[in-house]
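Below are some notes for a colleague who is opening this structure and wants a guide to its parts. The points are numbered so that they can be checked one at a time.

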Amino acid sequence: MQDVTAHFRGSGFKVFAGMIASDPAVEVWAIPAPKGATARFATRMNAWAQGEGQPGLGYIFWREGEEGGAGPLAKNVGVERTEGIRNQLGVNVGDAVFFVAGRPKDFITFAGLARAKIGADLDLIDRNSIRVLLDRRFPDVRME
């Protein structure tokens, strides 16, 4: 997931742009969905989000012949901003990106669930391996 708030600030997508303008704590996060650029997948994700008590998930597709982006958000933010999102995330033709917006403290749990659902539904998770992340900064306690 990445913060893509700057691409929506002052954009033609009034829902996100209005939220950003009215509250400096609002952010828009992008959740890439490699090879997820189908209307069927977007419909399933929106139905799932609504089942989780959310209004849905905004999305942009990058499909063959629609490299400038496709979908309701792409039409409202324009090609330049859509390409900025694509470049920031490194998505390719055939990929989709889903978006959540608001105050991160209010949507972070849902965003994590959405990322996990996308990974599971698109078979992006290697269920036969275990990976460990060691964060050497934790705990960052210095005794003096």
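**Notes on the fold, the sheet and selected residues**

1. Beyond its neighbours within four places in sequence, Arg86 is in contact with Trp62, Glu67, Val91, Asn92 and Val93. Arg86 belongs to helix H5, which covers residues 79-89. Is Arg86 buried or exposed? Its relative accessible area is 15%, and the cut-off for a buried residue is under 20%, so Arg86 counts as buried.

2. The model is predicted, and this should be kept in mind for every point here. The protein chain has 144 residues, of which 39% are buried. Its C-alpha atoms fill a box of roughly 55 × 40 × 30 Å along the principal axes. Among contacts with a separation of 6 or more, 70% are between residues 24 or more positions apart.

3. The secondary structure of the chain consists of 6 helices and 5 strands. Read from the N terminus, the elements follow the order β-α-α-β-α-β-β-α-α-β-α.

4. In what order do the 5 strands stand in the sheet? The order is E1-E2-E5-E3-E4, the sheet is open, and the pairing is antiparallel. Strand E1 (2-3) and strand E4 (66-70) are at the edges; each has a single partner strand, so one side of each has no neighbour in the sheet.

5. Strand E5 (residues 95-102) pairs with strand E3 (residues 58-63) over 5 bridges, in the antiparallel sense. Within this pairing, Ile60 has Val97 of E5 as its bridge partner, and Phe61 stands opposite Ala96 in E5. E5 also pairs with E2, again in the antiparallel sense, over 7 bridges. Ala30 stands opposite Phe99 in E5. Of the 8 residues of E5, 7 are buried, so this strand is largely enclosed by the rest of the structure.

6. E3 and E4 run antiparallel and are joined by 2 bridges. The bridge partner of Phe61 in E4 is Ala70, while in E5 Phe61 stands opposite Ala96. The hairpin of E3 and E4 has 2 residues between the strands, and Gly65 in this hairpin takes a positive phi near 85 degrees.

7. Which helices pack against these strands? Helix H3 (residues 39-51) packs on the sheet and touches strand E2 (27-33), E3 and E5. The direction of H3 makes about 165 degrees with that of E3. Helix H6 (residues 104-121) lies across E2 and E5, and runs at about 5 degrees to E2.

8. Ile31 is found in strand E2. With a relative accessible area of 1%, Ile31 is buried. Leaving aside neighbours within four places in sequence, the contacts of Ile31 include Ala96, Val97, Phe98 and Val100. Met1, Ala111, Ala114, Arg115 and Ile118 are also in contact with Ile31. How far apart are Ile31 and Ala114 in space? Their C-alpha atoms are 8.0 Å apart, although 83 residues separate them in sequence.

9. The largest pocket has a volume of about 210 Å³. Its lining comprises 13 residues, and those nearest its centre are Gln54, Pro55, Gly56, Val100 and Ala101. Helix H2 (14-22), E5 and H6 are the elements that give two or more residues to this lining. By class, the lining of the largest pocket has 9 nonpolar, 3 polar and 1 charged residues. Val100, one of the residues nearest the centre of the pocket, is also among the contacts of Ile31.

10. At 62% relative accessibility, Lys35 counts as exposed.

Technical notes
Residues numbered from 1 in each chain as written. Predicted model: local features only at pLDDT ≥ 70, side-chain atom pairs only at ≥ 80, totals over all residues. Heavy atoms only, no water. Pairing = 2+ DSSP bridges. Helix = DSSP H or I, 4+ residues; strand = E, 2+ residues; numbered from the N terminus. Contact = heavy atoms within 4.5 Å. Axes fitted to C-alpha atoms, helices over the stretch in contact; angles between N-to-C directions. 1 Å grid on protein atoms, 1.4 Å probe; cavity = no way out; pocket = protein on both sides within 12 Å on 5 of 7 lines; lining within 4 Å. Points joined across faces, edges and corners; volume = space filled by probe spheres on them. Nonpolar A, V, L, I, M, F, W, Y, C, P; charged D, E, K, R; others polar. Buried < 20%, exposed > 50% of the residue type's maximum accessible area, 1.4 Å probe, protein only.
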